[in-house]
Amino acid sequence: MSWKQEQEIDKIKASERWLQEPRFFGDDTELVVFPGSYSIGVANLGYQFLLGRLIHAGKSFDRFFIDTSLPDSISFDTKRPILDFPRWDVTLPFEDNLLQLIKLLQRLNLPLQGSMRQYPIINIGGPMTFINPALISFIANEMYAGEADDDWPEVRETTEWKLSAHFGVNSVVTGPRSVFKNSILIEVARGCMWQCKFCLYRRAYGRIRFVSKERVMETISSAKAKGFDKVGLIAANVSDVPWIGEILQFCEQKNVSVSVSSLAVETLSEEMMHALKGLGVDQLTVAVEHGDEKTRQQLGKPFTDDELVDTLKAAESNGFRSVKLYFINGITDDWSFNACSAASLLNRLCESVNMKIRVSMSVFVPKPGTPMEDALFPAQKDVEEERKFLVSNCPHVEFTFEPYYEARKEFVLGRLLPEDLSLFSSLLKENGERKAIKFFAEKYA
Ligand code: SF4
């Protein structure tokens with residue numbers, strides 16, 4: 001570990017604040033691994049759940065992140081070689097986390113196949129167990145499929161994807177480096193009331209289940225009592241929660257500022273916008289996905305263009321100066337139709353309100369387990385044409401584009417077969433990540 005990396009760990013640790021006190025030393029120490037950066041890992045509720053459950057069970061743990069500014073094989077809390085830990089608990093929320101885990105095992109010269117590995121015991125959970133259960137169970141020694149429940153860590157293995165009976169998770173540690181800076185994250189609902197055909201979340205987490213307002217308020221109160229004055233409310237769409245108004249009012253009384261994940265046009269009321277603005281939210285985030293109303297409805301997003309315009313007008317009159325909209329490129333195979341309809345809707349929005357319109361565009365990935373799993377993964381040239389058209393025809397919109405390569409990576413890791421893992425691993429080692437991904441993207445196309 002370099003001096004610079006050691007300094008970096010010390011700096012981050014000194015800036016962290018715990019809602020519940022952890023224990024880092026003891027014979028029973030487990031390594032809780034997030035195969036991704038610190039800032040994202042500490043903002044991930046699944047990762048925080050593992051830390052919270054270990055604290056609750058009185059167990060000691062250490063943490064490990066795969067982060068370019070941190071050491072690549074030394075633990076975060078006690079700075080010990082990660083191979084000193086006999087048990088690793090790994091959460092895999094996304095495809096890239098799976099790729100990072102594969103690379104880590106390679107780097108440490110550990111067999112990728114769980115049954116060939118004597119040490120450490122690797123317990124894996126998280127949404128990737130829904131997306132690619134065959135590969136995860138091949139790599140893991142123990143796979144916890146589905147939502148981890150209050151039975152974890154006593155129960156380490158379930159092979160059937162299951163929904164938790166007790167949900168309502170909150171984070172136990174935060175700091176300025178988290179993507180939700182200094183916020184205690186509180187789950188306010190799990191699952192979703194909408195049925196977007198491309199969406200994995202809805203398939204994996206099922207119908208919406210709300211966390212009781214009493215439980216949410218209790219968490220806010222205990223966070224406030226311990227000096228935290230910022231909370232992040234987490235749900236597929238925070239506006240879908242029937243008692244969200246009361247929760248926001250409670251935050252106001254407690255003088256706690258709020259950030260929220262995405263909001264749904266169909267359920268976002270003017271009162272809620274007003275409350276959010278008063279609680280420090282500066283920008284609303286709404287998923288539009290496609291510019292054509294009919295296509296949007298077929299995809300499972302029922303709101304009309306007029307409703308979107310009205311929502312933005314209401315946001316403007318409540319003091320919001322910017323809005324962030326999510327779109328998906330390549331979700332139909334006609335790039336010109338996708339581009340023209342998005343440009344026309346965006347230009348209509350620009351004419352209707354005097355707000356900064358920020359658009360974040362991802363690339364459609366047909367996810368296994370969704371009704372669109374057999375749809376075509378869009379060709380790079382079509383996605384580029386769609387994007388070029390939008391940039392030249394929407395001069396007042398600020399675009400951010402997810403790199404096409406990231407989507408390609410998701411496509412491959414979501415479908416990678418256990419029998420292909422050895423070839424994938426050799427290509428990764430000998431030809432590099434991009435060549436390995438390209439090879440398998442073509443193979444699975
Ligand atoms: S609203 Fe969001 S989380 Fe719910 S089904 Fe649609 S895309 Fe998925």
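Biologist: What order do the strands take in the open sheet of 4 strands?

Modeller: The order is β14-β15-β16-β17, and the pairing is parallel. This is a predicted model.

Biologist: Which strands stand at the edges there?

Modeller: β14, residues 283-289, and β17, residues 397-401. Each has a single partner strand, so one side of each is left without a neighbour in the sheet.

Biologist: How much are neighbouring strands turned against each other?

Modeller: By 25° on average, with direction ignored.

Biologist: How many bridges are there between β16 and β17?

Modeller: β16, which covers residues 356-363, pairs with β17 over 5 bridges in the parallel sense. Within that pair, S360 stands opposite T400 of β17.

Biologist: What about the sheet with 6 strands, what is its order?

Modeller: That open sheet runs β3-β2-β4-β5-β6-β7, with parallel pairing. Its edges are β3 (61-65) and β7. Both have a single partner strand, so one side of each has no neighbour in the sheet. The twist from one strand to the next averages 20°.

Biologist: How many bridges join β5 to β6?

Modeller: There are 3, and the two strands run parallel. G125 has Y144 in β6 as its bridge partner.

Biologist: Which residues does V32 touch?

Modeller: Leaving out residues up to four places away in sequence, V32 touches L50, L51, F61, R63 and D89.

Biologist: Change of topic. Which residues are around the ligand?

Modeller: The list is C192, W194, Q195, C196, C199, Y201, R202, A236, N237, A287 and G300.

Biologist: And what is that shell like by class?

Modeller: The shell has 7 nonpolar, 3 polar and 1 charged residues.

Biologist: Now the peptide bonds. Which residues does a cis bond join, with omega of about -10°?

Modeller: Y119 and P120. P120 lies in the loop between α4 (95-107) and β5 (121-125).

Biologist: And which pair has a cis bond with omega of about 15°?

Modeller: W152 and P153 are joined by that one. P153 is in the loop between β6 (142-146) and β7 (158-162).

Biologist: What is the phi of N109?

Modeller: N109 has a positive phi, about 55°, although it is not a glycine. N109 lies in the loop between α4 and β5. It counts as exposed, because it has 7 C-beta neighbours inside 10 Å.

Biologist: And N182, what is its phi and where is it?

Modeller: The phi of N182 is positive at about 55°, and N182 is not a glycine. N182 is placed in the loop between β8 (173-174) and β9 (184-187). With 17 other C-beta atoms within 10 Å, N182 is partly exposed.

Biologist: On to helices. How do α16 and α17 cross?

Modeller: Their axes cross at roughly 145° and come within 7 Å. Helix α16 covers residues 421-431 and helix α17 covers residues 433-444.

Biologist: Which residues meet there?

Modeller: From α16, F424, L427, L428 and N431; from α17, E433, K435, A436, F439 and F440. By class, the contact has 6 nonpolar, 1 polar and 2 charged residues.

Biologist: Zoom out. How many helices and strands does the protein chain have?

Modeller: There are 17 helices and 17 strands. The radius of gyration is 22 Å, close to the 22 Å given by the globule rule for 445 residues, so the chain is as compact as a globular protein of that length.

Biologist: What box do the C-alpha atoms fill?

Modeller: Roughly 60 × 55 × 45 Å, taken along the principal axes.

Biologist: What share of the residues count as buried?

Modeller: Of the 445 residues in the protein chain, 40%.

Biologist: And of the contacts between residues at least 6 apart in sequence, what share join residues at least 24 apart?

Modeller: In the protein chain, 72% of them.

How values were computed. Residues are numbered from 1 along each chain as its sequence is written. This is a predicted model: local features need pLDDT of at least 70, side-chain atom pairs count only at pLDDT 80 or more; totals for chains, interfaces and linings use all residues. A residue is near a molecule or strand if its C-beta atom, placed from the backbone, lies within 6 Å of it. Ala, Val, Leu, Ile, Met, Phe, Trp, Tyr, Cys and Pro count as nonpolar, Asp, Glu, Lys and Arg as charged, and the others, Gly among them, as polar. Two strands pair if DSSP finds at least two bridges between them. Axes are lines fitted to C-alpha atoms, for helices over the stretch in contact, and angles run from 0 to 180 degrees between N-to-C directions. The radius of gyration is taken over C-alpha atoms; the globule rule is 2.2 Å times the number of residues to the power 0.38. A residue is buried if 20 or more other C-beta atoms lie within 10 Å of its own, exposed if 12 or fewer, and partly exposed in between; C-beta atoms are placed from the backbone. Two residues are in contact if their C-beta atoms, placed from the backbone, lie within 7 Å.
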